[in-house]
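Subject: Structure for your review

Dear colleague,

Please find below the structure that I am handing over to you. My findings follow it, and I would be grateful if you read them with the model open.

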Amino acid sequence: MDVFVDTAVGDVRDPYPEYHARLRKAPVQIVEQFGFDNYVAFGYEGVDAVFKDSETFSATVFEQSIVLVFGPTILAMDGHEHIAHRSVIASAFRLKALEDWKTQLIEPIVHQLLDRIASRGEAELVKELNFRFPIQVIARMLGIPTEDSGMFVRRSMEMISIAVNVDRGLQASAALRDYLAPIVEERRREPKDDLISVLATAEVDGHRLPDEHIYGFLRLLLPAGAETTYRLLGTLTFALLTNPAQLDEVRADRSLMPKAIEEALRWESPVQQTAREVMKDGVVLGGVPVPKGNAISVSIGSANRDETKYADPDAYDLHRDGPPHLAFGGGAHFCLGAHLGRLETTVAMNAILDRLEDIRLEPGDADPHVHGQAFRSPTSIPVRFRPER
């Protein structure tokens, strides 16, 4: 948790005034980042266009960053290669398959965690529920021992934080490979009903997946599978607790839960930015020429609060009108785990409302708020509620 907060999040409380100022100036700008001038799309239309056109805007930009620590990963693939590798694991995240995971894993895990706090009348939900819950779910789906999930996610977060500590990121990558190698080999010999077995026995274009591709998938799945849900659940909980009238609406009418979740994703996108490489000449985005070979960053957080698309965009409003949010990206690289994240969040939020009666934010000396730059979510949600008898 400390590694996650200190390095992966970014020490920013409210990036949105700057986003609004930049977007009012121009939807695409050249911005200095990490000592270099980079093109950045801040507006909804530009970000949406980049996501939808993978031929012009390529994910191979990540070959010099993410791939260095994760290994071969679908995040950095395009075209047939991306489709073929994505299909290997996609079946496990389809809605029908997720319904099985829901009853076998998701519901039991969230109630086991709530059992520990429901009788107390108070809790700090981020550390006691939000962070633990999706990590345990994805660890069980992968088929790694539950007692190892803490180590696995810590190493994953160390890899994510490579921008601030290169050596630690590379060491974590190597350590995870060493940990995974005997498990992958065992699943090849004796497959089980888990995602590691799926990868260990999968074929792409008639050939077994190379080991490094399997490790790349696995290095990605746990942080990706855990992180979005951890952040989304925290943001949704915080949003409803700080908007009591909307909390009461959702508590009384659970059919509003999908709207509440989608608005949380728009209001505070768990992942705030990503990047692509321009692959064609003559590209103009938001009225700005972007030369072939240049990287372009897309500000998901800014796009989801674009004042030309959403009225009063800084407010959380589950009855909001407007275009679909871009928190899960779009096009060929639309987030593979989107259905899982939504399902986990729905199950957890319903369980919270069912079991932690009269729940309310109780900050005390704390200062709970949504925090972060590249990734955003609350780092603390202290609450009180009626103790369960």
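In helix α8, the buried residues are Phe133, Pro134, Ile135, Gln136, Val137, Ile138, Ala139, Met141 and Leu142; buried means under 20% relative accessible area, exposed over 50%, and partly exposed in between, with a 1.4 Å probe and protein chains only. Helix α8 covers residues 132-142, and nine of its 11 residues are buried, which leaves the helix mostly covered. Helices (H or I, at least four residues) and strands (E, at least two) are DSSP runs, numbered from the N terminus. The buried residues of α8 pack against α6 (95-115), α7 (125-130), α9, α11 (195-201), α12 and α16; contact here means heavy atoms within 4.5 Å. Just after α8, Gly143 has a positive phi of about 95°.

Please note that this is a predicted model, in which local features need pLDDT of at least 70 and side-chain atom pairs count only at pLDDT 80 or more, while totals for chains, interfaces and linings use all residues. Residues are numbered from 1 along each chain as its sequence is written, and side-chain values use heavy atoms, with hydrogens and water left out.

The chain as a whole

The protein chain has 16 helices and 14 strands. Its radius of gyration is 21 Å, close to the 21 Å that the globule rule gives for 389 residues, so the chain is as compact as a globular protein of that length. The radius is taken over C-alpha atoms, and the globule rule is 2.2 Å times the number of residues to the power 0.38. Taken along the principal axes, the C-alpha atoms fill a box of roughly 65 × 60 × 40 Å. Of the 389 residues, 53% are buried. Among contacts between residues at least 6 apart in sequence, 72% join residues at least 24 apart. The chain exposes about 17,000 Å², of which carbon and sulfur atoms supply 50%; accessible areas come from the Shrake-Rupley method with a 1.4 Å probe, and for residues only the protein chains shown count as cover.

Helices α9 and α12

Two packed helices are described by the angle between their axes and the distance between the axes. The axes of α9 (residues 149-160) and α12 (residues 211-241) come within 9 Å and cross at roughly 95°. That makes α9 roughly perpendicular to α12. Axes are lines fitted to C-alpha atoms, for helices over the stretch in contact, and angles run from 0 to 180 degrees between N-to-C directions. Angles under 35 degrees count as roughly parallel, over 145 as roughly antiparallel, 65 to 115 as roughly perpendicular and the rest as oblique.

On the α9 side, Phe152, Val153, Ser156, Met157, Met159 and Ile160 take part, and they meet Leu218, Arg219, Leu222, Pro223 and Glu227 in α12. By class, this contact has eight nonpolar, one polar and two charged residues. Ala, Val, Leu, Ile, Met, Phe, Trp, Tyr, Cys and Pro count as nonpolar, Asp, Glu, Lys and Arg as charged, and the others, Gly among them, as polar.

Not counting residues up to four places away in sequence, Ser173 touches Val69, Met159 and Arg219. Ser173 is buried, at a relative accessible area of 7%.

Helix α14

Eight of the 11 residues of α14 (residues 257-267) are buried, so this helix is largely enclosed by the rest of the structure. Its buried residues include Met257, Glu263, Arg266 and Trp267. Their cover includes α2 (16-25), α12, α13 (244-252) and α16 (338-355).

Individual residues

Trp101, in helix α6, is buried with a relative accessible area of 11%. Its contacts, leaving aside neighbours within four places in sequence, are Ala92, Ile106, Met141 and Asp193. Trp101 and Met141 are 40 residues apart along the chain, and their C-alpha atoms are separated by 8.0 Å.

Val198, in helix α11, is partly exposed at 32% relative accessible area. With the neighbours within four places in sequence left aside, Val198 is in contact with Val88 and Ile89.

Most residues other than glycine have a negative phi. Asp312 has a positive phi near 45° and is found in the loop between α15 (300-303) and α16. Asp312 is exposed, with a relative accessible area of 55%. Asp358 has a positive phi near 55° and sits in the loop between α16 and β11 (360-361). Asp358 is partly exposed, at 40%.

With kind regards
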